[in-house]
Amino acid sequence: MMRTDGYLLDHRQTEAAEHFSAFAALFDPTTFRHLEGLGVGSGWRCWEIGAGTTVVSWLAKKVGPTGRVVATDTDPSRLASAARPPVEVRAHDLGAQEPPGEDFDLVHARLALVHVTDRERALRSMVQALRPGGRLLVEDADPALQPLPCPDEHGPEQQLANRLRQGFRRLLAERGTDLPCGRTLPRLLRDAGLTRVHADAYFPLASPGCAALEAVTIRQIRDQLVIAGLATEQDIDRHLENVTSGALDLATAPMISAWGRKQ
């Protein structure tokens, strides 16, 4: 779910498809592992919030023709290719609208709460949508736990990468974007009334997916970095060359997954 009112990674940009693909390559395996652990299977009714077509398609195969997958986003156009039984695609604002039902066996949201002002209200909405015994899986990043694309800052290439990331975070702060804080998810799930709450974190480092995500992110924000005086065109070109060369051990912020059950 990408916000367009000042949000830097506008999903209408030409790089958006590449951005979503990079996220899927990095985080789908972890998401699928957790969904498997929750027991998703034939006949399940699922509400999928904003994760994209790969997760929707995976759920559709798992629930089969007797199941149901309601896939929602503020702009559902990118989910259009998945809109066939058992998948139903809907436009939905998690932070403002009532849930699209109250009998789901599973509700899953990945990187959705960052775009919602009132996270507690959004979580209550997700819990409301569950049947008794239903499961909620929420996944969000925590950039403050590891804010650097190059944790091993041993040379000028790594220093440049980290300086550009600091510029990115500054731009986000100036736009009032509340960076996701995955570490709060277990507490928020308990406060929302869930039981058997657990969580873990995935921290990718030095993988092709990290490099792909870094490259497309920098391309998406290069104009804003230059306009704000946070980097020059030469800085950005040099960094993109460094990423392509494979010389950087790039990382992303840890993705924290938290899950629980409705009583």
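So, I49 sits opposite A109, a residue of strand 4. Strand 4 covers residues 104-110 and runs parallel to strand 1, residues 45-49, with four bridges joining them. Strands here are DSSP runs of E, at least two residues, and helices are runs of H or I, at least four, both numbered from the N terminus. Two strands count as paired if DSSP finds at least two bridges between them.

Before I go on: this is a predicted model, where local features need pLDDT of at least 70 and side-chain atom pairs count only at pLDDT 80 or more, while totals for chains, interfaces and linings use all residues. Residues are numbered from 1 along each chain as its sequence is written, and side-chain values use heavy atoms, leaving out hydrogens and water.

Now the cores. A nonpolar core is a set of buried Ala, Val, Leu, Ile, Met, Phe, Trp, Tyr and Cys residues joined through side-chain atoms within 4.5 Å; buried means under 20% relative accessible area, with a 1.4 Å probe and protein chains only. The largest one has 29 residues, and L164 is among those touching the most other members. Helix 6 (208-227) is one of the helices that each supply at least two residues, and helix 6 gives the most, seven.

What does L164 contact, leaving aside neighbours within four places in sequence? I218, L225, A231, D235 and H239, where contact means heavy atoms within 4.5 Å.

Terms used: Buried < 20%, exposed > 50% of the residue type's maximum accessible area, 1.4 Å probe, protein only.
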